[in-house]
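This report describes the secondary-structure packing of one protein chain. Please keep the sequence and the model in view while reading.

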Amino acid sequence: MGGLERQFEAELPGQYVDLGIAEANLITVAAAVASTGVLPFVNTMAAFASARALEQVKIDVAYHALPVRIVGTHSGLSAAHLGPTHHAQQDLAIMRGLPNMTVMTPADPAETVRMVRAAAYLPGPVYIRLGRNPTPPVHAGDDGFTVGRAVRLRAGGDVTIVAAGALPVRFALDAARRLAAAGIEACVLNMHTIKPLDVAALVEAAETTAGVVTVEDHSVLGGLGGAVAETLAEHHPARVVRVGVGDAFCSRPGSHEEQLAQCGVSRDHVVRAAESVLRGRPDVRTSTEQGESP
């Protein structure tokens with residue numbers, strides 16, 4: 001038992017249950033508790049919540065639309081040093097594919113608090129995707145939080161960058177600042193809710209900018225990029241370039257950011273993706289064309 005678990009047990013002795021390293025059992029017990037009217041929050045690593053316990057999440061929780069809140073930590077490649085067995089590159093694709101499931105991932109600690117509070121009042125099951133390491137704040141004060149409504153972090157009329165999760169949102173903002181130095185104004189959306197997706201915000205982005213770049217700490221298959229591409233293909237076709245983990249396992253050593261960069265996710269990759277979207281617009285010169293390195 002770690003320090004956080006001991007803290008929960010000390011503060012909430014009548015509400016905390018440690019079920020050990022038994023993720024399938026964890027989900028089934030939570031479903032049973034939820035069926036009695038209690039609102040359980042369960043916590044385990046994202047890779048195990050979405051894969052090892054998938055059958056229980058699907059049948060015991062989602063099928064019955066039970067209000068189990070699944071908090072998956074160490075998402076994406078944030079469990080860098082633990083290797084592919086603990087990497088969660090597919091959890092968004094899995095969870096958003098389950099009926100009745102709400103799927104969210106915060107950009108910073110303050111948004112995590114607001115998200116957890118909001119989750120307590122949602123009907124049906126919820127998946128909240130967290131990382132592993134401390135992250136700096138993204139939001140200046142209370143930018144507001146509504147489930148299913150993206151937060152605009154930066155305005156811009158040339159290209160839209162849609163990001164989800166702490167590092168991807170930071171990469172998006174950093175890339176937008178670099179693009180601005182080259183005369184390119186990028187709108188940045190924090191798409192903290194993957195399901196239900198903010199369709200209106202995406203359609204507005206497609207209508208008012210040259211296209212959309214998505215940024216995520218997840219496989220390019222089935223996650224935020226897939227959800228955005230599916231939505232725009234149906235509602236307002238537009239150019240979409242996905243910045244995400246390639247279709248391969250990450251087996252190289254390194255930190256979270258180093259592994260992401262190796263797999264295709266970094267500030268540089270976001271800048272290049274935005275420039276790719278803009279190449280069809282003769283009125284906008286990219287930073288590469290102006291002699292700056294992306």
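Are H2 and H4 roughly parallel or roughly antiparallel to each other? H2 and H4 are roughly parallel to each other, where roughly parallel stands for angles under 35 degrees, roughly antiparallel for angles over 145, roughly perpendicular for 65 to 115 and oblique for the rest.

## Basis and confidence

The model is predicted, so local features need pLDDT of at least 70 and side-chain atom pairs count only at pLDDT 80 or more, while totals for chains, interfaces and linings use all residues. Residues are numbered from 1 along each chain as its sequence is written, and side-chain values use heavy atoms, with hydrogens and water left out.

The protein chain has a mean pLDDT of 91, and 93% of its residues reach 70 or more; pLDDT is the predictor's confidence in each residue, from 0 to 100. Over residues 282–294 pLDDT stays under 50, and for these residues the model has 25 contacts beyond four places in sequence. Contact means heavy atoms within 4.5 Å. Helices (H or I, at least four residues) and strands (E, at least two) are DSSP runs, numbered from the N terminus.

## The sheet E1-E2-E4-E3-E8

Five strands form an open sheet in the order E1-E2-E4-E3-E8, with mixed pairing; two strands pair if DSSP finds at least two bridges between them. Strand E1 (41–45) and strand E8 (193–195) are the edge strands, each pairing on one side only. From one strand to the next, the twist averages 20 degrees. Axes here are lines fitted to C-alpha atoms, for helices over the stretch in contact, and angles run from 0 to 180 degrees between N-to-C directions.

Within this sheet, strand E3 (residues 102–104) and strand E4 (residues 126–129) run parallel and are joined by three bridges. Met104 has Ile128 as its bridge partner in E4.

## Helices H2 and H4

Helix H2 (residues 23–34) lies across E1 and strand E2 (69–73) and runs at about 170 degrees to E1. H2 also packs with helix H4 (residues 54–62) at an angle of about 5 degrees, the axes being 9 Å apart. On the H2 side Ala24, Ile27, Thr28 and Ala31 take part, and they meet Gln56, Val57, Asp60 and Val61 in H4. By class, this contact of H2 with H4 has five nonpolar, two polar and one charged residues. Ala, Val, Leu, Ile, Met, Phe, Trp, Tyr, Cys and Pro count as nonpolar, Asp, Glu, Lys and Arg as charged, and the others, Gly among them, as polar.

## The sheet E5-E7-E6-E9-E10

Another open sheet of five strands has the order E5-E7-E6-E9-E10, again with mixed pairing. Its edge strands, each pairing on one side only, are strand E5 (151–154) and strand E10 (240–245). Neighbouring strands of this sheet are turned by 25 degrees against each other on average, direction ignored. E5 pairs with strand E7 (residues 186–190) in the antiparallel sense over three bridges, and Arg152 has Leu189 as its bridge partner in E7.

## Helices H7 and H11

Helix H7 lies across E5, strand E6 (159–164), E7 and strand E9 (212–219), and its direction is at about 160 degrees to E6. The axes of H7 (residues 166–181) and helix H11 (residues 267–278) come within 8 Å and cross at roughly 55 degrees, which makes H7 oblique to H11. Arg170, Phe171, Ala172, Asp174, Ala175, Arg178 and Leu179 of H7 make the contact with Arg267, Asp268, Val270, Val271, Ala274 and Glu275 of H11. Seven nonpolar, no polar and six charged residues form this contact of H7 with H11.

## Helices H8 and H9

Helix H8 (residues 199–208) packs with helix H9 (residues 224–235) at an angle of about 70 degrees, with axes 10 Å apart; H8 and H9 are therefore roughly perpendicular to each other. The contact involves Val199, Leu202, Val203 and Ala206 of H8 and Val228, Thr231, Leu232 and His235 of H9. It has six nonpolar, two polar and no charged residues.

## Backbone exceptions

Most residues other than glycine have a negative phi, and most peptide bonds are trans. Ala65 is not a glycine, yet has a positive phi of about 55 degrees; Ala65 is placed in the loop between H4 and E2. A cis peptide bond, with omega about 5 degrees, joins Lys195 and Pro196. Pro196 lies in the loop between E8 and H8.
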